[in-house]
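Thank you all for coming. Could we have the sequence and the model on the screen, please?

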Amino acid sequence: MTTKRIIFTSEKDSFDKPFDKITSIQEAKDGLIIQIGSNTYSLVTKTHAEFMKLFNLLKDTAANGGVVPEKYTT
């Protein structure tokens with residue numbers, strides 16, 4: 001995942017979507033539910049809390065013109 005796109009690959013499914021097209025991400029008991037346009041992806045992961053931290057950092061960085069906001073550097 002970068003400020004430009006999110007990529008996911010697995011044996012069953014995969015996607016490569018622009019970061020700014022992510023409509024929503026919700027934490028579930030065992031993973032994440034990612035909405036991208038009219039498509040929904042359910043990802044089972046043990047590290048969904050870390051994924052959300054990274055997603056928020058990248059979202060805030062993109063909104064800040066590509067500069068990591070100060071709240072992440074202290």
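What you see is a predicted model, in which local features need pLDDT of at least 70 and side-chain atom pairs count only at pLDDT 80 or more, while totals for chains, interfaces and linings use all residues. Residues are numbered from 1 along each chain as its sequence is written, and side-chain values use heavy atoms, with hydrogens and water left out.

Let me begin with the open sheet, whose three strands follow the order 3-4-5 with antiparallel pairing; strands are DSSP runs of E with at least two residues, helices runs of H or I with at least four, both numbered from the N terminus, and two strands pair if DSSP finds at least two bridges between them. At the edges are strand 3 (22-28) and strand 5 (39-44), each of which pairs on one side only. Strand 4 and strand 5 are joined in the antiparallel sense over six bridges, and glycine 31 stands opposite valine 44 in strand 5.

Helix 1 packs on this sheet, where it touches strand 3 and strand 4.

The C-alpha atoms of glutamine 35 and isoleucine 25, which are 10 residues apart along the chain, are separated by 6.3 Å.

Threonine 61, finally, is found in helix 1 (residues 48-63), and, not counting residues up to four places away in sequence, threonine 61 touches Thr3, Gly66, Val67, Val68 and Pro69.

Notes:
Contact means heavy atoms within 4.5 Å. Axes are lines fitted to C-alpha atoms, for helices over the stretch in contact, and angles run from 0 to 180 degrees between N-to-C directions.
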